[in-house]
Amino acid sequence: LPMIRSIKKLFGIYETDCEYWVRLDEIKVPNRYKKTRIGLKKWNHKMGYWLRTGEFESKILLHRDFTLADGYSSMKIAYLKGIDKVPVYFVD
């Protein structure tokens, strides 16, 4: 199954129920996210979770064209912590 998934990935075919690892700089962030500030309480909670567990509390969800659908705070944490590859899930 991992071999089939790898072949599909070569053709840009991603399954919605599988975790993939993507370079952070490949993800396209829509302006609506860039213009929105993450509330301090939410930010502290998300960052605290990451510091305690080493994992993102929210999944990073991408559309098929690698445009961010959800998980902006997780992306921001990865960027600030110098993480270059992140786990993502694709949505239809």
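Two strands are taken as paired if DSSP finds at least two bridges between them. Helices (H or I, at least four residues) and strands (E, at least two) are DSSP runs, numbered from the N terminus. The structure described here is a predicted model, in which local features need pLDDT of at least 70 and side-chain atom pairs count only at pLDDT 80 or more, while totals for chains, interfaces and linings use all residues. Residues are numbered from 1 along each chain as its sequence is written, and side-chain values use heavy atoms, with hydrogens and water left out.

The protein has four helices and four strands, and from the N terminus on its elements run α-β-α-α-β-β-α-β. Of the 92 residues, 35% count as buried (under 20% relative accessible area; exposed means over 50%, partly exposed in between, with a 1.4 Å probe and protein chains only). Among the contacts (heavy atoms within 4.5 Å) with a separation of 6 or more, 73% come from residues 24 or more positions apart.

The four strands form an open sheet in the order β1-β4-β2-β3, with mixed pairing. β1 (20-23) and β3 (68-70) stand at the edges with a single partner strand each, so one side of each is left without a neighbour in the sheet. Direction ignored, neighbouring strands of this sheet are turned by 55 degrees against each other on average; axes are lines fitted to C-alpha atoms, for helices over the stretch in contact, and angles run from 0 to 180 degrees between N-to-C directions.

Strand β4 (residues 85-90) pairs with β1 in the antiparallel sense over four bridges. Within this pairing, W21 stands opposite P87, and R23 has K85 as its bridge partner. With β2, β4 pairs in the parallel sense over three bridges, and here I60 stands opposite V88. β4 is mostly covered, five of its six residues being buried. In a regular strand the side chains alternate between the two faces of the sheet. β1 has a covered face, Y20 and V22, and an uncovered one, W21 and R23.

One of the residues in α4 is S73, which counts as buried because its relative accessibility is 6%. Leaving aside residues up to four places away in sequence, S73 touches I38, W43 and K46. The helix is followed by G82, whose phi is positive, near 75 degrees.

The loop between β2 and β3 also deserves a look. F66 lies in this loop and has a phi near 70 degrees, a positive value in a residue other than glycine. At 14% relative accessibility, F66 counts as buried. T67 is found in the loop between β2 and β3 as well, and with a relative accessible area of 18%, T67 is buried. Leaving aside residues up to four places away in sequence, T67 touches K28, P30, L61 and L62.

On a 1 Å grid over the protein atoms alone, a pocket is an open set of points with protein on both sides within 12 Å along at least five of seven lines, whereas a cavity is a set where a 1.4 Å probe fits but cannot get out; lining residues have an atom within 4 Å of a point. The largest pocket holds about 190 Å³ of space, where grid points are joined across faces, edges and corners and the volume is the space filled by probe spheres set on the points. Its lining consists of E19, W21, G54, E55, F56, S58, K59, I60, I83, K85, P87 and Y89. β4 provides the largest share of this lining, three residues. By class, the lining has six nonpolar, two polar and four charged residues (Ala, Val, Leu, Ile, Met, Phe, Trp, Tyr, Cys and Pro count as nonpolar, Asp, Glu, Lys and Arg as charged, and the others, Gly among them, as polar).
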